[in-house]
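Please look over the sequence and the model first.

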Amino acid sequence: MKQEALTLLDLNALVRRSLEQCLPDEYWIQAELSDVRSNATGHCYLEFVQKDPRSNNLIAKARGTIWNNVYRLLKPYFEEATGQLFTSGIKVLVKVTVQFHELYGYSLTVQDIDPTYTLGDMALRRREILQQLEAEGVLTLNKELEMPVLPQRIAVISSATAAGYGDFCHQLQHNSRGFFFYTELFPALMQGAQIESSVLDALDRVNRRLNDFDVVVIIRGGGATSDLSGFDTYLLAAACAQFPLPIITGIGHERDDTVLDSVAHTRVKTPTAAAELLINCMEETAGRLEYLSARIQEGVSSFLEREYRRISSCQARIPSLVVRRLSDARLRLLTVHKDLMQSSVTMLSRYRHKLELLQQRIADASPDKLLARGYSITLKNGVPVTDLSGIVPGDEIVTRLHKGELTSIVNRKSSNRK
């Protein structure tokens, strides 16, 4: 016998009644959120998906709905508890009822959510990122950098309008010790889906001017804790871990460390605490300088005191030493004086004898002495004549005798050569 045909509406109604009878209860299910969106009425529409862990291919999918009266309570509760936006891509544990509508088909209506499941999944993802960085050998690179002794030049990555940025600058500028700090802002989005790309871009800009700065401070301050997931990405963590300047994070949360906090050189709770950290670094350096200055002053005073005592001791010994040394010097001077006098007398006597001998030799060679012995000298024009060749008849010549002179005119000349 041929079965009576059903209309599509009849069949869908039968499916609805069957599901209501077979699945009347509420069920906790694990799934990943996809295509999350809300409309003006306050309802939230989404898809639940499940992927194969090895191939990442979809293996199950269901349409979901969160009605306004549940969604307005569930969303802030979840985001406050997890620090994670209620958005696509996260894994959740939700309580649902199974619904089937003749027109819209199969769907799941969300009644409740367990944030601890998502927290566990987020913690797992954080651990996986940290394990990957450790395997790559970069996890602690930034922590191993030495904090500058005087961290005065600070590159700040933050939103220009963030209250935390203003608090940070005010704290530095009005520190009680009057330390000078230079800060330069590299604006970045600190909430929403663009945190990763925006902060990475700011880090690139700082990296191009490394010589201008001592440290980098990433601060957020205020804002919803649901935005923290933007600081839990591998790319941002890897960039910060390998950054060549120490990075200080103060992104305004106390409950959990983000991956960025885990790889940064130093993590503090708030932007104000980041400023206090830098001020404390300056105070420690100033304290060390004051200590060293005191040590130097103490050392110099001690040295001068020792030298004063040594000089005083020397002064006490000087009179007797001076008398003894003066006496020895006087005796040496007397001896030297006697030797000099004796040497002078001997030398003078020797040179006097030489002078007498020279005087005698000069006297023996004197022309006057030769003339006295009968010799004469003939001069022409005041020049002694030694050769007849220079005389001609008519020349006037002078003959000088021992006593007097004769003037003659030459009539002739003759040679007596033999």
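**Briefing**

Helix α5, which covers residues 195–207, contains S198. The model described here is predicted. S198 counts as buried because its relative accessible area is 13%, under the 20% cut-off. Beyond its neighbours within four places in sequence, S198 has contacts with A188 and L189.

**Aromatic pairs**

- A pair of aromatic rings is described by two values, the distance of the centres and the angle of the planes.
- The count of aromatic pairs comes to 3.
- One of them joins F78 and F86, with 5.6 Å centre to centre and 85° between the planes, an edge-to-face arrangement.
- F78 is buried at 0% relative accessibility, and F86 is buried with a relative accessible area of 6%.
- F186 and F213 are also edge-to-face, because their ring centres lie 5.6 Å apart and their planes stand at 75°.
- F186 belongs to strand β7 (residues 182–187) and F213 to the loop between α5 and β8 (215–219), so this pair ties together parts that are 27 residues apart in sequence.
- Both F186 and F213 are buried.
- Y71, F78 and F86 make up one aromatic cluster.

**Salt bridges**

- Side chains of opposite charge can pair when their charged atoms come close.
- The whole structure holds 17 salt bridges.
- K51 and E32 form a salt bridge through their side chains, at 3.4 Å from N to O.
- K51 sits in strand β2 (residues 44–51) and E32 in strand β1 (residues 26–38), so the pair ties together parts that are 19 residues apart in sequence.
- K51 is partly exposed, with a relative accessible area of 32%, whereas E32 is buried at 16% relative accessibility.
- K75 and E79 form another salt bridge, at 3.1 Å from N to O.
- Helix α2 (residues 68–82) holds both K75 and E79, which are 4 residues apart, about one turn of the helix.
- K75 is partly exposed, with a relative accessible area of 26%, while E79 is buried at 10%.
- In the salt bridge of D261 with R267, the closest N and O atoms are 3.8 Å apart.
- D261 is buried at 3% relative accessibility, and R267 is partly exposed, with a relative accessible area of 25%.

**Annotated region**

- An unreviewed UniProt entry gives residues 7–114 the annotation "domain: OB-fold nucleic acid binding".
- In the model, residues 7–114 are 28% helix and 46% strand, and the end C-alpha atoms of this span lie 41 Å apart.

Key. Residues are numbered from 1 along each chain as its sequence is written. This is a predicted model: local features need pLDDT of at least 70, side-chain atom pairs count only at pLDDT 80 or more; totals for chains, interfaces and linings use all residues. Side-chain values use heavy atoms; hydrogens and water are left out. UniProt positions are given in the numbering used here, feature names are shortened, and annotations may be inferred rather than shown by experiment. Helices (H or I, at least four residues) and strands (E, at least two) are DSSP runs, numbered from the N terminus. Buried means under 20% relative accessible area, exposed over 50%, partly exposed in between (1.4 Å probe, protein chains only). Contact means heavy atoms within 4.5 Å. Rings of Phe, Tyr and Trp (its six-membered ring) pair if their centres lie within 6.5 Å; planes under 30 degrees apart count as stacked, over 60 as edge-to-face and the rest as tilted. A salt bridge is a side-chain nitrogen of Lys or Arg within 4 Å of a carboxyl oxygen of Asp or Glu.
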